[in-house]
Amino acid sequence: MRTSTRGSRRLMALAAVAALTTGLLAGCAEDSDDGSTNEGGGNGGGGRTTLTVGTFGTFGYKQAGLYDEYMKLNPDITIKENVTTRTDVYWPKVLTRLQAGAGTDDIQAIEVMNITEAVQTQADKFVDLGKEVDKSQWLDWKNAQATTEDGKLIGLGTDIGPMAICYRKDLFEKAGLETDRAKLAEQWKGDWGKYVDLGKQYMKKAPSGTKFVDSASSVYNAALGGGTERYYEKDGTVVWDESDGVKKAWDVAMEVATSDMSAKLKQFDKPWDQGYANGTFATVACPAWMIGYILEKSGDSGKGKWDVAAAPTAANWGGSFLGVPTASKHQKEAIALAKWLTAPEQQAKVFAKQASFPSTPSAYSTLKPAAATTEYFSNAPITQIFSDSAKTIPTQYFGIKDQAINTALTDIGILQVEQKGKSPDQGWDAAAKEIKDVLGQ
Amino acid sequence: MSSPKQALAQPASSADAAPGEQPGAAGRAHGRGTPDPGRSSWRSRLYRWDMKASPYAFISPFFIVFGAFSLVPLLYTAWYSLHNVQLANLDSQTWAGLDNYRNLLSSDFFWNSLWVTFTVGVISTVPQLLMALGLAHLLNYKLRGSTVWRVVMLTPYATSVAAATLVFVLLYSWDGGMINWILDFFGIDPVNWRESDWGSKFAVSSIVIWRWTGYNALIYLAAMQAIPSDLYESASLDGANRWQQFRHVTIPQLRPTILFTVVVSTIGATQLFGEPLLFGGVSGSKGGSEHQYQTLGLYMYDQGWIIGNLGKASAIAWTMFLILLIIGVIQMLISRRLRKSQ
């Protein structure tokens with residue numbers, strides 16, 4: 001009797017271990033089903049394909065209902081968006097996955113500051129979309145940024161960031177400044193220096209607790225986006241310390257940083273968001289995508305108080321692309337979706353939702369912001385302002401380390417001057433030292 | 001009866017499939033003496049093999065996991081650190097010899113991050129352990145609702161770094177943060193916590209202290225409760241007051257525990273990463289505009305993932321590893337000294 005219980009106990013143990021093992025293995029198997037092979041993986045819907053879209057920040061596709069609309073048009077497609085909030089977390093992840101040839105999404109968004117790195121180092125990891133679309137739909141310079149030397153187009157343009165100035169009409173009025181958007185635009189037209197001069201005027205009678213601008217870095221980025229030269233030349237040589245565009249932008253930023261007109265905030269930081277909510281700064285450099293950001297962060301307290309005026313110079317700041325990795329298991333479907341998402345009609349829908357500005361000129365005539373947006377921004381003709389800016393944006397060349405160089409200048413150089421009271425020369429030297437390290441010189 | 005039992009026993013033991021059964025079975029088999037002469041050689045060989053191999057089989061999961069997720073990456077990192085590897089171009093690695101290390105030693109940023117790691121480590125670890133000791137001492141008294149206090153102490157430890165740090169960022173906010181508001185109450189000018197040199201180090205340390213004091217206090221408390229109460233009784237008979245009892249009974253009895261917490265906190269301080277990264281907000285990996293709170297961990301992350309120089313980042317990782325080894329050896333020597341002097 002004793003032996004038989006031992007035997008059966010052993011059997012039980014064996015069975016338990018076996019069950020655990022199969023459980024574990026099944027777990028693994030399920031995982032890999034989810035991760036890499038989407039085909040028929042237990043979704044039972046008879047050939048339904050799941051496409052994943054990897055984005056960062058707020059692309060607005062989901063918000064504008066585009067995914068739902070596409071799924072309704074294509075019942076055999078399911079779309080899943082994987083959002084990473086910050087680009088500096090998103091992009092390294094994408095780079096490693098592209099090179100591993102696994103784990104990428106079917107569509108991968110690429111920020112403009114990373115596009116050159118993608119074009120120069122990852123071109124063979126992306127499908128050539130040039131053959132799939134009518135390239136003339138997009139702005140030439142937008143296409144050029146995503147095109148390799150041998151003419152391969154690795155990403156379709158989504159939005160661009162034509163520049164304007166968003167300002168608080170109520171604060172301007174209290175400070176005794178002009179509040180009419182056309183007259184203001186006339187006052188600072190052509191020169192960011194004039195904008196800074198107006199800031200000095202503002203500070204003389206500034207409503208208590210407010211500053212003229214959120215940060216010196218935002219003025220820097222806006223001014224830099226209006227120059228023809230950034231950190232690299234067209235052939236890829238680094239010229240950041242001789243670049244005319246950088247010098248001009250730096251000088252304007254220094255004027256802001258060394259005066260009292262900046263709220264000394266760091267953009268996209270929590271305190272910056274609070275600054276919007278509390279109305280602690282009167283102006284902000286306003287690429288089109290900023291409209292959506294202000295709507296969200298400034299909230300009800302800013303309704304009807306914000307207005308939009310044309311920027312001193314036409315400039316571009318930001319914008320993105322959609323690429324299809326060759327590692328995608330559903331390239332055909334992914335290309336179709338990327339084409340659809342970046343088509344003029346869909347870009348116009350995203351504009352209506354959150355004012356991300358299309359990179360396809362044919363959409364410009366049909367652009368209509370949501371009524372709530374227009375009302376929020378004092379009925380400013382934002383379509384008109386951004387379209388005008390978009391038409392005259394200079395062609396700029398980006399480089400491999402564009403983002404790292406930009407961070408060194410804004411978050412090391414300018415920040416030291418603005419917040420630590422260093423002299424502009426000291427700030428420049430600190431940024432230069434940082435950039436040397438970035439470039440491995 | 002015996003043959004079906006064997007039929008069951010053999011596959012089970014050869015597959016190592018019934019943990020816990022085997023040693024017992026083997027023991028019983030030996031205890032029974034010589035059961036069945038015909039099969040004994042096969043069975044005893046099987047049992048001997050079982051006795052030898054099973055322990056290894058049982059501990060193997062740890063070593064397999066350790067090998068796959070620690071040892072291999074460790075060695076791979078060493079390989080990387082001797083090469084020029086860019087994040088955007090992982091496949092083309094060129095031999096660099098000790099260039100990455102030479103590069104590090106001549107880089108101001110590296111020495112700065114080493115200094116930051118050291119200073120932040122000291123100003124977070126020392127007060128943290130002292131406070132933990134004090135708190136544990138208080139909790140060791142008979143208190144009403146002692147469980148509640150203990151749970152409360154552990155809550156910061158259970159809070160996620162991200163959530164805690166975000167709250168601290170708001171508290172330390174330059175403009176309108178609560179701490180500057182309180183300072184203002186006492187007529188002190190607002191401090192730019194994030195950009196000032198020592199202010200930022202202090203702020204980062206305070207997050208670490210907040211998170212880990214309770215955890216260490218509980219460890220101390222557990223050790224304190226293991227101290228025999230007759231030691232205190234005889235001390236009080238000798239006329240020792242509370243403080244003298246704490247100094248001359250509690251502290252010496254806690255010595256091994258204190259050493260343990262010092263070792264663990266030092267390792268934690270050397271690897272400090274999440275708090276300063278999140279405290280910095282946007283481009284937090286720089287650790288402030290003058291790298292005033294860029295710890296070694298942040299420097300490594302910045303080099304590897306933001307700048308994209310994985311070779312150099314690997315060299316930093318290995319340097320950190322070596323530093324930890326040196327610290328480990330020093331602590332071993334100290335503890336040996338302490339034991340000898342006792």
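Colleague: Is A:Leu322 buried or exposed, and why?

Modeller: Bear in mind that this is a predicted model. Burial is read from a neighbour count, and 20 or more other C-beta atoms within 10 Å make a residue buried. A:Leu322 has 27 C-beta neighbours inside 10 Å, so A:Leu322 counts as buried.

Colleague: Where in chain A does A:Leu322 lie?

Modeller: A:Leu322 is part of strand 9, residues 316-323 of chain A.

Colleague: Which residues is A:Leu322 in contact with, leaving aside neighbours within four places in sequence?

Modeller: The list is A:Ile107, A:Ala109, A:Gly155, A:Leu156, A:Thr158, A:Ala338, A:Leu341 and A:Thr342. For a separation along the chain, take A:Glu111: it is 211 residues from A:Leu322, yet their C-alpha atoms are separated by 8.9 Å.

Colleague: What domains does the assignment of chain A give?

Modeller: Domain 1 is 49-160 + 320-358, and domain 2 is 162-318 + 365-439. Their C-alpha centres lie 27 Å apart.

Colleague: How many residues of the two domains are in contact?

Modeller: The size of an interface is often given as the accessible area lost when the parts come together. Here we have contact counts: 20 residues of domain 1 of chain A touch 23 residues of domain 2 of chain A.

Colleague: Which element gives the most to the domain 1 side?

Modeller: Helix 4 of chain A does, with 7 residues. Elements giving two or more residues to that side include helix 5 (140-145), strand 4 (156-162) and helix 14 (344-354). By class, the side has 10 nonpolar, 7 polar and 3 charged residues.

Definitions and conventions. Residues numbered from 1 in each chain as written. Chains lettered and ligands numbered in written order. Predicted model: local features only at pLDDT ≥ 70, side-chain atom pairs only at ≥ 80, totals over all residues. Helix = DSSP H or I, 4+ residues; strand = E, 2+ residues; numbered from the N terminus. Buried ≥ 20, exposed ≤ 12 C-beta atoms within 10 Å, placed from the backbone. Contact = placed C-beta atoms within 7 Å. Domains from an automatic or database assignment. Nonpolar A, V, L, I, M, F, W, Y, C, P; charged D, E, K, R; others polar.
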